Amino acid sequence: MVIRYTPCQGRGRALATHGRRAAATAGTRRGIIEAARELLATREWQHFTIEAVASRAGVTRVTVYNQVRSKRGLLDAVLADLVDRAGMDQLLADTEHLSAGDACAEIVRRTCLFWHSERRLLRPLFGLAAVDHDVASILTQREEWRGNQMQRLVGRLTAETTSEPSLDQADVLAGVTAVTSFATYDALGAIADDPDRAAVLLNRVVRSLTG
C-alpha cells in the first residue's frame, strides 16, 4: 500500500504547528504577566525589573522584551490583564439592559470589587505615580478610559432624572469619576475591607451628584 502525501495534509500539519506555537507564545506571555503581577504586589518598585520578572517567569530577559518591549510595556500589559480578567471593559455592555439607577449600582459594586481584589497591587502603583513618570502616564491613560465610561453612565443618569440639575454636567462627571476612583476607595479605610459596604456608600454619593 502506497501512502501519498497531499497538499491538504501539508496545510493541516502547518496549521497544527502554528497553533501549537501560538499556544506556547500565549502561555509564555501569561507566565510573564503573572510573574510581573506577583513582583509588583510583593516587592519594592526598584526591584521590579525586566531581569527579575524573567527570572521569576523562568524565561530569558530577551523573551520578556520580545513580549512587552519595555518595563513600561510590561506594566501596561499587567494592568490590561487585570481589567480584562475582571471584565471592567464590559461594565456598560453588561448593564445596558438595566435602568440607569440599577446600572449605576451594579457598576459601582463591580468597581469596588475590582479595587478591593487588586488593592495590594494597585496601592503601591498609585503611590509611585507621584514620583515615576511612566507609572503616572499609564495610570492617567487608564483613568481617562474609566472617565469615558463614567461619562456615558452620567449621561444615562441625568437623562432619567426629572428634577432640575443643580450642577453642571462636567462638574458632575468630575465628581463621579473621583468618587469611584481607587484613591477614594482606598481612603475609606476599614469600610474598604468590605467592598459591598463601600459600594452602597459610594453609590449614594454618586446618585446625590447626579440628582
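Which helix gives the largest share of the lining of the largest cavity? Before we get there, keep in mind that this is a predicted model, where local features need pLDDT of at least 70, side-chain atom pairs count only at pLDDT 80 or more, and totals for chains, interfaces and linings use all residues. Residues are numbered from 1 along each chain as its sequence is written, and side-chain values use heavy atoms, with hydrogens and water left out.

Let's start with the annotations. UniProt, in an unreviewed entry, puts "domain: HTH tetR-type" at residues 26–86; such annotations may be inferred rather than shown by experiment. That stretch is 80% helix and 0% strand, with its end C-alpha atoms 19 Å apart (helices are DSSP runs of H or I, at least four residues; strands are runs of E, at least two). The unreviewed entry also places a "DNA-binding region" at residues 49–68. Here too the chain is 80% helix and 0% strand, and the end C-alpha atoms lie 13 Å apart.

Now for the hole inside. The structure holds one cavity of 30 Å³ or more, meaning a set of points on a 1 Å grid over the protein atoms alone where a 1.4 Å probe fits but cannot get out.

Helices H4 (71–86), H6 (100–117), H7 (119–128) and H8 (133–159) each supply at least two lining residues. H8 gives the largest share, seven residues. By type, the lining divides into 12 nonpolar, two polar and three charged residues (Ala, Val, Leu, Ile, Met, Phe, Trp, Tyr, Cys and Pro count as nonpolar, Asp, Glu, Lys and Arg as charged, the others as polar).

Definitions and conventions:
1 Å grid on protein atoms, 1.4 Å probe; cavity = no way out; pocket = protein on both sides within 12 Å on 5 of 7 lines; lining within 4 Å. Points joined across faces, edges and corners; volume = space filled by probe spheres on them.
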